[in-house]
Amino acid sequence: MRPKTKVFDPSWRDDIYDIEAIDMKLILPNDFEREQGKDIWVMSQRILSETIFGKEYRYAEIKTRKAIVKSSISNDIRMVNVKTNEVLENSFMLDIFFPPKAWMTDSAEERCMMFAAAKEASGDVFVGGLGLGIYPQMVLNLKRPINSITIIENNPVIIDIIKESWVDTETRTNISIIEADIEDYLQNSDRLYDTIFLDTWEDADSRCLANVNYLIDLAMNISKDSSRIRCWGYALMVDTFIKEINLYEERELWDMLLDRKTDPILNKFVQWRTKEKDRPTKELLEEMGREIALNTSARYKNKGDYFTPYSNREEIMQNMNK
């Protein structure tokens, strides 16, 4: 296996504003309404402004932002008709109490982050996570020196949506979409890639970081000595973690966190911090935080299994007894 530091640079950033990314023409799926029994649909939102990496930008004309939306209802929640005791499957009323979540979007931030990675693509390109197909489209639109693009996506509905709107209209034949689990592919593939782009997590929540590190470790199996691995939002996740531990220190939350089921990185940091007799300097706190964040990996699927003071209401209730 190639040394991790040779092909993965944790200091690389994709939170860079770029007007070319925002204005680039992309082929996106048509809207369709939620259907009974379906938990994924596509919708558009007309906007005049957006917050891009913390700064508000106002557009000269109305823009349309596209999103693949999914239900936020957990599998163990059902709505029951009190008169008939009948379980109402996928009742739209549940969306009032558990608002649907924009799962994948072509927001300006998303475009800029994809663009930063797409500008570096070359050779045989591996993409973990299809999304709206933004990254591969940008690679092609930029006319990067590539040989092929292989995309791994585990959701057949997403594949169907993007194949119909973009892939089936793409005249080039160097694109393949494989329905598979990302871990299985990374562990079992014997093909090597020049560019590896991973984006299978929903947001830059720091609780995702240990699992992203795990995927990076697996990606070593398909990398060459000269390969380049890029991960969506990685530097932002690390930054978020550093901001959080500074806040935990300021509010002296370590004892409370010690009793909670926290994610592997926060758990390891809490163990270190509670053993420190003297209060560490801000520099030492951040140095240890960054070291633990970059070097802790663990396999898990759901960040919501882990507690954080920033958890949403449903996650806090779910974790109260853990």
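1. The accessible areas used here come from the Shrake-Rupley method with a 1.4 Å probe. On that basis the protein chain exposes about 17000 Å², of which carbon and sulfur atoms supply 48%. Please keep in mind throughout that this is a predicted model.

2. As to overall make-up, the protein chain has 322 residues, of which 49% count as buried, and it contains 13 helices and 10 strands. Among the contacts in the chain with a separation of 6 or more, 75% are accounted for by residues 24 or more positions apart.

3. Strand S2 (residues 55–70) pairs with S5 in the antiparallel sense over four bridges, and Ile68 stands opposite Met104 in S5.

4. Where does Asp106 lie? Asp106 is found in the loop that leads from strand S5 (101–105) to helix H4 (108–118), and it counts as buried because its relative accessibility of 6% falls under the 20% limit. The side chain of Asp106 reaches the backbone nitrogen of Lys66 at 2.6 Å, and it also makes a polar contact with the side chain of Arg111 at 3.3 Å. Beyond residues up to four places away in sequence, Asp106 touches Leu28, Thr64, Arg65, Lys66, Arg111, Leu132 and Ile134.

5. The side chain of Ser148 makes a polar contact with the side chain of Arg191 at 2.8 Å. Leaving aside neighbours within four places in sequence, the contacts of Ser148 are Gly123, Asp124, Val125, Asn174 and Arg191.

6. The structure holds 24 salt bridges, and one of them joins Lys303 to Asp205, with the closest N and O atoms 3.7 Å apart. This pair links distant parts of the chain, since Lys303 is in the loop between helix H12 (282–295) and helix H13 (313–319), whereas Asp205 is in the loop between strand S9 (193–198) and helix H8 (209–219), 98 residues apart. Lys303 is buried, with a relative accessible area of 16%, and Asp205 likewise counts as buried at 18% relative accessibility.

7. Arg279 forms a salt bridge with Glu252, the closest N and O atoms being 3.8 Å apart. Arg279 lies in the loop between helix H11 (264–275) and H12, while Glu252 lies in the loop between helix H9 (234–251) and helix H10 (254–258), so the pair ties together parts that are 27 residues apart in sequence. Both Arg279 and Glu252 are exposed. Elsewhere, salt bridges that share partners join Lys70, Lys101, Glu202, Asp203, Asp205, Arg207 and Lys303 into one network.

8. Finally, Asp15 forms a salt bridge with Arg13, in which the closest N and O atoms are 2.9 Å apart. Arg13 counts as partly exposed, at 30% relative accessibility.

Note on methods:
Residues are numbered from 1 along each chain as its sequence is written. This is a predicted model: local features need pLDDT of at least 70, side-chain atom pairs count only at pLDDT 80 or more; totals for chains, interfaces and linings use all residues. Side-chain values use heavy atoms; hydrogens and water are left out. Helices (H or I, at least four residues) and strands (E, at least two) are DSSP runs, numbered from the N terminus. Buried means under 20% relative accessible area, exposed over 50%, partly exposed in between (1.4 Å probe, protein chains only). A polar contact is a pair of N or O atoms within 3.5 Å; within protein, one must be able to donate a hydrogen and the other to accept it, and residues adjacent in sequence count only if both atoms are side-chain atoms. Contact means heavy atoms within 4.5 Å. Two strands pair if DSSP finds at least two bridges between them. A salt bridge is a side-chain nitrogen of Lys or Arg within 4 Å of a carboxyl oxygen of Asp or Glu.
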